[in-house]
Amino acid sequence: MLSSRNRMRRSADFGRVMRRGRRAGRDALGVVLLLPRPDDPDADARPRVGFTVSKAVGSAVVRNRVQRRLRHLMRDRTADLPPGSLLVVRAKPLAAHVGYDTLAEQLDAALAAVRRPKSGATRRRKGRGGGDAARADGDQRAGS
């Protein structure tokens, strides 16, 4: 099992990670990683991992089984996380139905995606896109 020193339990930590962290998701789970700032006093601390398994995943028995699997999978993977980082692993309803190996593959893929350096691409714009120029073209075609 995952060491108790590597477990995240405080609600404030979960909230901070969910607000500021980088996200990556797969079919059965999602991860959110928050790297420490250089001026953070806990920057050299052990990485900590928290788990969220909602009632949408299943009954209490099923949720506990999914959480145990995720804790076991993260035990070997915490060494790959940067010191002082906080990670939240969120189980989706499909996590109750996939096998252990599939869950491990999806966790590895999500962790790789969240640790991948950001590309130079900009964020997607909210709304329908286009802007005034696109509307002007549309108006021109409508008038023809």
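## A buried asparagine

Asparagine 6 is buried, with a relative accessible area of 7%. Buried means under 20% relative accessible area, exposed means over 50%, and partly exposed lies in between (1.4 Å probe, protein chains only). Asparagine 6 sits in the segment before helix 1. Leaving out residues up to four places away in sequence, asparagine 6 touches Arg46, Pro47, Arg48 and Val49. A contact here means heavy atoms within 4.5 Å.

The model is predicted: local features need pLDDT of at least 70, side-chain atom pairs count only at pLDDT 80 or more, and totals for chains, interfaces and linings use all residues. Residues are numbered from 1 along each chain as its sequence is written, and side-chain values use heavy atoms, with hydrogens and water left out.

## Overall layout

The protein has 4 helices and 4 strands. Read from the N terminus on, the elements run α-β-β-β-α-β-α-α. Helices (H or I, at least four residues) and strands (E, at least two) are DSSP runs, numbered from the N terminus.

Of the 144 residues of the protein, 35% count as buried. Among contacts with a separation of 6 or more, 80% are between residues 24 or more positions apart.

## The nonpolar cores

A nonpolar core is a set of buried Ala, Val, Leu, Ile, Met, Phe, Trp, Tyr and Cys residues joined through side-chain atoms within 4.5 Å. Which residues touch the most other members of the largest nonpolar core? They are Val31, Val66, Met74, Leu87 and Val89, out of the 29 residues in this core. Two or more residues each are given by strand 2 (29-34), strand 3 (48-53), helix 2 (60-77), strand 4 (86-91) and helix 3 (100-115). Helix 3 supplies the largest share of this core, 7 residues.

Valine 66 touches Val53, Val57, Ala91, Ala95 and Ala96, again not counting residues up to four places away in sequence. There is also a second, separate core of 7 residues, and its members include Met8, Phe14, Leu86 and Val88.

## Helix 2 against helix 3

Two packed helices are described by the angle between their axes and the distance between the axes. Helix 2 and helix 3 pack at an angle of about 50 degrees, and their axes are 11 Å apart. The axes are lines fitted to C-alpha atoms, for helices over the stretch in contact, and angles run from 0 to 180 degrees between N-to-C directions. Helix 2 and helix 3 are therefore oblique to each other. Angles under 35 degrees count as roughly parallel, over 145 as roughly antiparallel, 65 to 115 as roughly perpendicular, and the rest as oblique.

Helix 2 passes helix 3 in a right-handed crossing. A crossing is right-handed if the near helix is turned clockwise from the far one by less than a right angle, and left-handed if anticlockwise. On the helix 2 side, the residues that meet helix 3 are Arg69, Leu70, His72, Leu73, Met74 and Arg77. Their counterparts in helix 3 are Tyr100, Leu103, Ala104, Leu107, Asp108 and Leu111.

Arginine 71 also lies in helix 2. Arginine 71 counts as buried, at 16% relative accessibility. The C-alpha atoms of arginine 71 and phenylalanine 51 are separated by 8.0 Å, and the two residues are 20 residues apart along the chain.

## Salt bridges

How many salt bridges does the structure hold? The number is 5, where a salt bridge is a side-chain nitrogen of Lys or Arg within 4 Å of a carboxyl oxygen of Asp or Glu. One of them joins arginine 16 to aspartate 13, with the closest N and O atoms 3.4 Å apart. Both residues lie in helix 1 (residues 11-20), 3 residues apart, about one turn of the helix. Arginine 16 counts as partly exposed, at 26% relative accessibility, whereas aspartate 13 counts as buried, at 3%.

Aspartate 13 also meets arginine 48 in a salt bridge (3.1 Å, N to O). This pair links distant parts of the chain, with aspartate 13 in helix 1 and arginine 48 in strand 3, 35 residues apart. Arginine 48 is partly exposed, with a relative accessible area of 23%. A further salt bridge is formed by the side chains of arginine 75 and aspartate 76 (3.8 Å, N to O). Arginine 75 is partly exposed, at 36%, and aspartate 76 is exposed, at 53%. Elsewhere, salt bridges that share partners join Arg10, Asp13, Arg16 and Arg48 into one network.
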